[in-house]
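Here's a quick briefing to read alongside the model. Have the sequence and the viewer open, and we'll go topic by topic.

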Amino acid sequence: MPAVANLLVIAAVVVLVLQRQMRVQRLDTERRFWVLPLVLGVLALRDPQLVDHQHTALSAVLLAAGLVAVLAMGTVWGWTVRIWRGADGALLVKGTKATLAAWGGMIAVRVGIYGIGSALHVHQASSALLLGMAVMLLVRSLVVNWRARMLGAESTSAVLH
């Protein structure tokens, strides 16, 4: 996919995800939360320029560093989401100010990695951002779903005792 199309997909996903994160939503732990990350990951991995073939080692290191960073940021992001049980017993989630700060941190880290790559003259394809977004969304969803299941287990345990 061309770089401009990747950037448009990334921008659309960021706007959609941020908009959804900052409002109260029912959490369906059975939902297929992995579908969007899978689609984004496949789109990214199809790009033959994901790694700069003129600077393969540096490009791979930058890609790996970016993926480690988004793993960490996805985990942080998952912990910033407020989870509670509504009056009807449904699990509800909503992003917090810390969620916005996590996004800001992720953007700052990505800009830093891009800056390092540019200083080293390594071409960084927009598909690396797409892959990072896929990893971050998947990790965030895993953390939120795990936290929700732990909350559900605590509620069940409290009722049983």
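Is valine 81 buried or exposed? Valine 81 is buried, because its relative accessible area is 2%, where buried means under 20%, exposed over 50% and partly exposed in between (1.4 Å probe, protein chains only). Bear in mind that this is a predicted model, in which local features need pLDDT of at least 70 and side-chain atom pairs count only at pLDDT 80 or more, while totals for chains, interfaces and linings use all residues. Residues are numbered from 1 along each chain as its sequence is written, and side-chain values use heavy atoms, with hydrogens and water left out.

**Overall layout**

- The chain comes to five helices and three strands; helices (H or I, at least four residues) and strands (E, at least two) are DSSP runs, numbered from the N terminus.
- Reading from the N terminus, the elements go α-β-α-α-β-β-α-α.
- Along the principal axes, the C-alpha atoms fill a box of roughly 65 × 25 × 25 Å.
- Of the chain's 161 residues, 40% count as buried.

- Helix 3 covers residues 56–80, and its 25 residues should span 36 Å at 1.5 Å a residue; the expected span is 1.5 Å times one less than the number of residues. The end C-alpha atoms are 36 Å apart, which agrees.
- Buried residues of helix 3 include Ser59, Leu62, Leu63, Gly66, Ala69, Val70, Met73 and Trp77.
- As a reminder, an α-helix has 3.6 residues a turn, so residues three or four places apart point the same way.
- Valine 81 sits in the loop between helix 3 and strand 2. From valine 81 to histidine 53 is 28 residues in sequence and 39 Å in space, C-alpha to C-alpha.

- Three strands make an open sheet in the order 1-3-2, with antiparallel pairing; two strands pair if DSSP finds at least two bridges between them.
- Strands 2 and 3 form a hairpin with five residues between them, and glycine 89 in the turn has a positive phi of about 90°.

**The salt bridge**

- The count comes to one salt bridge, taking a side-chain nitrogen of Lys or Arg within 4 Å of a carboxyl oxygen of Asp or Glu.
- Arginine 26 pairs with aspartate 88, with the closest N and O atoms 3.1 Å apart. Arginine 26 is in strand 1 and aspartate 88 is in the loop between strand 2 and strand 3, so the pair ties together parts that are 62 residues apart in sequence.
- Both arginine 26 and aspartate 88 are exposed.

**The nonpolar core**

- The largest nonpolar core has 27 residues, a core being a set of buried Ala, Val, Leu, Ile, Met, Phe, Trp, Tyr and Cys residues joined through side-chain atoms within 4.5 Å. Those with the most contacts inside this core are Leu40, Trp77, Trp103, Met133, Met136 and Leu137.
- Helix 1 (3–21), helix 2, helix 3, strand 3, helix 4 (97–119) and helix 5 each supply at least two residues of this core, with the largest share, nine residues, coming from helix 5.
- Alanine 148 lies in helix 5, and counts as buried because its relative accessibility is 2%. Alanine 148 and arginine 85 are 63 residues apart in sequence and 9.4 Å apart in space, C-alpha to C-alpha.

**Partly exposed spots**

- Valine 35 belongs to helix 2 and is partly exposed, with a relative accessible area of 36%.
- Isoleucine 116, in helix 4, is partly exposed as well, at 46% relative accessibility. Isoleucine 116 and alanine 60 are 56 residues apart in sequence and 13 Å apart in space, C-alpha to C-alpha.
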